[in-house]
Amino acid sequence: MIDRRTFLGSAATLTAATLLSRRFAWAVPDGEHKLGNIGVQLYTVRKEMKHDFEGTLAEVAAIGYREVEFAGYFKHSPQEVRAAIDRHALVSPACHVSWDVLGDQWPAQIESAKVIGQSYIVCPWIPEKIRKQPDGWKLAAETFNRAGEASSKAGIQFAYHNHWFEFLPVNGKLPYDFLLETCDPNLVKMELDLCWITVGGADPLKYFDRYPGRFPLVHVKDVKALPKVSASGKQNFGDSMKDMTEVGSGIIDWKRIFAQSDKAGIQHYIVEHDKPKAPFDSIKTSYEYLRQLRW
């Protein structure tokens with residue numbers, strides 16, 4: 001038994017210590033910051049997934065990845081997908097789904113994500129026929145808000161993944177800015193592709209400053225040189241393999257970007273290469289670079 005004075009004194013000491021530790025929890029010495037959740041977008045190994053679903057997941061896990069982002073399940077049911085990632089000690093925080101899924105198929109997609117254990121469902125592309133409509137970007141924002149409202153009721157966050165065309169002006173305004181301003185920040189988050197925003201000529205840090213906490217996921221891939229891009233959105237650049245490269249072997253300053261991770265709200269760092277020559281070697285090289293990265 002302790003008396004009231006001792007109890008209050010101990011409580012005050014504990015409270016002060018707790019507040020002090022919280023205040024300085026961020027004060028990690030320079031050179032000691034490192035990435036947390038390093039994942040891979042399985043689109044990078046899509047041919048391998050189609051040929052050998054289970055073996056590809058095993059290889060991804062052997063490299064060291066613990067998070068995988070799906071872009072299709074190759075005729076596997078949600079239950080089969082969940083069992084497969086469980087067998088290889090993987091988790092899937094997110095998946096990519098096409099624009100068309102955001103309509104009548106959306107409720108089934110939400111249920112699928114719940115079975116697999118995903119916290120995010122990401123739309124990675126707005127078809128050109130939508131973007132070229134007079135109110136195409138407005139339609140996109142309205143569609144995203146509706147999808148986000150429905151998924152949030154199931155405890156799942158909707159997000160949008162950019163390419164480069166969102167950073168080319170349409171009627172004097174960047175479509176990416178329009179989406180961030182028009183979409184409900186609680187219903188629609190952004191999976192910022194750090195390569196494509198660079199290709200589009202924009203600076204991710206400026207977006208982190210203007211929209212803190214809006215970017216819980218990022219795609220991490222690199223580029224050797226900045227190509228010429230057009231608003232058409234055709235992916236000749238990514239499919240050509242000429243300029244895209246493994247993380248750490250290109251021109252993107254990863255330390256500069258990741259130093260602002262807390263402001264951005266980044267929780268998941270997802271490696272991707274649209275068309276690597278040797279997919280497993282590619283994702284291994286990128287993983288090893290990110291695993292050893294310090295700033």
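This is a predicted model: local features need pLDDT of at least 70, side-chain atom pairs count only at pLDDT 80 or more; totals for chains, interfaces and linings use all residues.
Biologist: Why is His 161 called buried?

Modeller: Its relative accessible area is 3%. Buried means under 20%. The value for His 161 falls under that cut-off, so the residue counts as buried.

Biologist: How much of the protein counts as buried?

Modeller: Of its 295 residues, 48% do. The protein exposes about 14700 Å², with 52% of that supplied by carbon and sulfur atoms.

Biologist: Where in the fold is His 161 found?

Modeller: In strand β5, which spans residues 157–161. The protein has 10 strands, along with 14 helices.

Biologist: What makes the pair His 161 and His 219 a polar contact?

Modeller: Their side chains make it at 3.2 Å. The cut-off is a pair of N or O atoms within 3.5 Å. The distance of 3.2 Å meets it, so the term applies. The two C-alpha atoms are separated by 8.5 Å, and the residues are 58 apart along the chain.

Biologist: Which backbone oxygen lies 3.4 Å from a polar atom of the His 161 side chain?

Modeller: That of Pro 124.

Biologist: Which residues is His 161 in contact with, leaving aside neighbours within four places in sequence?

Modeller: Among them are His 96, Cys 123, Trp 125 and Trp 196.

Biologist: What share of the protein's contacts between residues at least 6 apart in sequence join residues at least 24 apart?

Modeller: The share is 81%.

Definitions and conventions: Residues are numbered from 1 along each chain as its sequence is written. Side-chain values use heavy atoms; hydrogens and water are left out. Helices (H or I, at least four residues) and strands (E, at least two) are DSSP runs, numbered from the N terminus. Buried means under 20% relative accessible area, exposed over 50%, partly exposed in between (1.4 Å probe, protein chains only). Contact means heavy atoms within 4.5 Å. A polar contact is a pair of N or O atoms within 3.5 Å; within protein, one must be able to donate a hydrogen and the other to accept it, and residues adjacent in sequence count only if both atoms are side-chain atoms. Accessible areas come from the Shrake-Rupley method with a 1.4 Å probe; for residues, only the protein chains shown count as cover.
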